[in-house]
Amino acid sequence: KSVVFAVFDRGDPRNPDMARSAKLRIVFGSDSAAEEIHALPHPVDSIAISFTDRLSEVWVEKEAIDDALGSALLKVFAVYGQAGCTSPRRVVVLDGTAGDARSLRDRLARLWPAVVTRETPAHVASSNVMTRQWAAALGWDAIATEEHGAVLASGTAELPSLSAPMALGIVGASLSRTVEALPANVQTIGHAVAHPEDPEWLLTIAKTAVKRFVPVSRMHDFGPVWDGHGFWRQAFEEVEVDV
């Protein structure tokens, strides 16, 4: 059998034509995009897989904070900023104070030039000038990294969330308060804790909508399970044979 690869926009008539016979529909996009695609006429036994709007964050214990962790955190954040579903939008220093959050912010700002060596595009730098001012207006203690490559803001868990392409909020909070504040569409928790194998972490995560609990450096690393589903396994039909 041949494989046909085609690229076309959302208004192309091939979209509904393909949906009518497709055995598998995979959507990467917004919730509304997934709803529209899955609403197209399709075979009753077809499979729908959606990768929609997701948010991730980092949990760290104070004792785990060092330059190695800071570098790993900047690497996973700088790749996509807030655009990546596996990229952290917030860092929580567990049982930390506002001072602990500020200290981590300053460490990340110091490490930024050595870790993120690319030149900052003019439009990104310009946007981050506004983002820093906006964050300050919301109550965050915000600073810009070198060349305005990103905005790092420390504060409390009660502050409004920062939604900007290259903004990273850093707060101190108890684990219980952190869990309570998790968004419904949470995906990955990047952790830096002393004993991630402790059953208490499993019990904590099991009570949430979290799909992945992985070391900070592996936030972007995916295996056969995506967003809690056996993605590749779902893409194939299995035939059971008993002999």
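# Definitions at work in a predicted chain

Author: Among contacts in the chain between residues at least 6 apart in sequence, 66% join residues at least 24 apart, where a contact means heavy atoms within 4.5 Å. This is a predicted model, in which local features need pLDDT of at least 70 and side-chain atom pairs count only at pLDDT 80 or more, while totals for chains, interfaces and linings use all residues. Residues are numbered from 1 along each chain as its sequence is written, and side-chain values use heavy atoms, with hydrogens and water left out.

Reader: Happy to start there! How many helices and strands are in the chain?

Author: The chain has 8 helices and 11 strands. Both are DSSP runs numbered from the N terminus: helices are H or I with at least four residues, strands are E with at least two. The C-alpha trace spans about 60 × 50 × 30 Å along its principal axes.

Reader: Buried or exposed: how do you class Phe-28 and Phe-51?

Author: Buried means under 20% relative accessible area, exposed over 50%, and partly exposed in between (1.4 Å probe, protein chains only). Phe-28 has 55%, so Phe-28 is exposed; Phe-51 has 9%, so Phe-51 is buried. Buried residues make up 40% of the 243 residues in the chain.

Reader: How do you know that the charged end of Arg-212 sits over the ring of Phe-222?

Author: The test asks for NZ of Lys or CZ of Arg within 6 Å of the ring centre and within 35 degrees of the ring normal. The charged end of Arg-212 is 4.3 Å from the centre of the Phe-222 ring and is classed as sitting over that ring.

Reader: Why are H3 and H4 described as they are, in terms of their direction to each other?

Author: Helix H3 (residues 67-80) and helix H4 (residues 98-115) pack at about 65°, with axes 9 Å apart. Axes are lines fitted to C-alpha atoms, for helices over the stretch in contact, and angles run from 0 to 180 degrees between N-to-C directions. Angles under 35 degrees count as roughly parallel, over 145 as roughly antiparallel, 65 to 115 as roughly perpendicular and the rest as oblique. H3 and H4 are therefore roughly perpendicular. Residues making the contact include Leu-73, Leu-74 and Phe-77 of H3 and Leu-108, Leu-111 and Trp-112 of H4. Lys-75 of H3 also takes part, and at 53% relative accessibility Lys-75 counts as exposed.

Reader: What makes Asp-221 and Ala-144 fall into their accessibility classes?

Author: Asp-221 has 46% relative accessibility, so Asp-221 counts as partly exposed. Ala-144, at 26%, is also partly exposed. Asp-221 is placed in the loop between strand S9 (212-215) and strand S10 (225-226), whereas Ala-144 lies in strand S5 (residues 141-144). Leaving aside neighbours within four places in sequence, Ala-144 is in contact with Arg-132, Ala-150 and Val-151.
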